[in-house]
Amino acid sequence: MSSKTGQRITLQLIRTRLKLLAVLSPERAAKKAFLYFQTPFRKVRKKMPPIFTRAEELHMDLDGIRIVGYRWNPGGHRKLLLVHGFDSNVFNFEGYITPFIRRGYQVLAFDGPAHGRSGGKTINLPQYMRMIGLADSTFGPFDAFITHSFGGLALTQWLEKRPHVSDTLAVLIAPATETSTAVQGFMDLLQLSDRTREAFVDRLEKAAGVPTAHYSIRRVAPGLKASILWIHDHEDDITPFRDTLPIRSLALPNIKYLDTTGLGHRRIYRDQEVRRRIIDFLTPEGWIDHHAATGSQIPQG
């Protein structure tokens, strides 16, 4: 059985379970749906890439959860943090590590709760924001960030609270722009009834302490000082391109956009041209090749 077939069967079982539960109690169905909302569906079984076997392994304690991370080039004069998306892990950033070591960066990456080699069974946005903050206070401060999807939303919400300057650089690849869109998509995916949807949103907002619309890049964007490269595909079916339009209309001077077509949500950050543009953006003019200048050894992988 293929992984996609297994995922379809699992999804159908979840839908059936929630429909039966909703007959007894929409609130109980909403409670179960809320648990699913925080639980990764896809089990990423990718073998550890060689570059990760050469990293220094790091650990943090987040709310009693063991967080596993990696560090390369600890003597690097600038620090870069890689932040993965939901249902993913840091292995998917393997192609970005060596290029940034060569450019003098100290590169760090952490698997979020319930992802990769980190502990936990669920993850939520405030928790992921705290993880970024913990990594920054423990191993930072970070000068630059590369994020994908859910990681982009978490970073921008955290940057809103963290004092940062215009020298901070951030790459948002297919960011989850509006939480309300993610919630609506999730409820549609599980085919929740109207009463269960109402109970689900109520439970979500009570847990967060704010309306769903609060966690929005559109809301925080005008207050962000960081220089941002925003990369999005017109055909993204997970974080829709249309959600970026209200932010683009603001014409914020610190945000540059790179649009693609046909790369979708996951292929986009593996694309060679996209990677080249990210490397250029995070390598300020006048920088020299750190490897050539110092003769430091660069892990091969």
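The cover over the buried residues of H6 includes strand S3 (78-83), helix H5 (125-139), strand S5 (144-148), strand S6 (169-173), H7 and H9. Contact here means heavy atoms within 4.5 Å, and buried means under 20% relative accessible area, with exposed over 50% and partly exposed in between (1.4 Å probe, protein chains only). Helices (H or I, at least four residues) and strands (E, at least two) are DSSP runs, numbered from the N terminus.

The model is predicted: local features need pLDDT of at least 70 and side-chain atom pairs count only at pLDDT 80 or more, whereas totals for chains, interfaces and linings use all residues. Residues are numbered from 1 along each chain as its sequence is written, and side-chain values use heavy atoms, with hydrogens and water left out.

**Helix H6**
- Ten of the twelve residues of H6 are buried, so the helix is mostly covered.
- The buried residues of H6 are Phe150, Gly151, Gly152, Leu153, Ala154, Leu155, Thr156, Gln157, Trp158 and Leu159.
- The end C-alpha atoms of helix H6 (residues 150-161) are 18 Å apart, which agrees with the 16 Å that its twelve residues should span at 1.5 Å a residue; the expected span is 1.5 Å times one less than the number of residues.

**Nonpolar cores**
- A nonpolar core is a set of buried Ala, Val, Leu, Ile, Met, Phe, Trp, Tyr and Cys residues joined through side-chain atoms within 4.5 Å.
- The largest such core has 39 residues, of which Leu81, Phe110 and Leu155 touch the most other members.
- H5 contributes the largest share of this core, seven residues.
- Leaving aside residues up to four places away in sequence, Phe110 touches Leu58, Met60, Ile67, Val68, Gly69, Leu81, Leu82, His84, Val90, Met131, Ala135 and Phe139.
- Trp72, Val171, Leu263 and Ile268 are included in a second, separate core of 35 residues.

**Helix H2**
- Pro26, Ala29, Ala30, Ala33, Phe34 and Tyr36 are the buried residues of H2.
- Viewed down the axis of H2, these buried residues fall within an arc of 155°, so they line one face of the helix; the arc is that of the directions from the helix axis to the C-beta atoms.

**Aromatic pairs**
- The whole structure holds 18 aromatic pairs, where rings of Phe, Tyr and Trp (its six-membered ring) pair if their centres lie within 6.5 Å, and planes under 30 degrees apart count as stacked, over 60 as edge-to-face and the rest as tilted.
- One of them is the edge-to-face pair of Phe37 and Phe186, at 4.9 Å centre to centre and 65° between the planes.
- This pair links distant parts of the chain, 149 residues apart: Phe37 is in helix H2 (residues 26-37) and Phe186 in helix H7 (residues 179-190).
- Phe37 counts as partly exposed at 22% relative accessibility, whereas Phe186 counts as buried at 9%.
- Phe52 and Trp72 also form an edge-to-face pair, at 5.1 Å centre to centre and 85° between the planes.
- Phe52 lies in helix H3 (residues 50-53) and Trp72 in strand S2 (residues 65-72), so the pair ties together parts that are 20 residues apart in sequence.
- Both Phe52 and Trp72 are buried.
- One aromatic cluster is formed by Phe34, Phe37, Phe186 and Phe200.

**Loop residue Thr212**
- Thr212 lies in the loop between helix H8 (194-208) and helix H9 (217-220).
- Thr212 is buried, with a relative accessible area of 11%.
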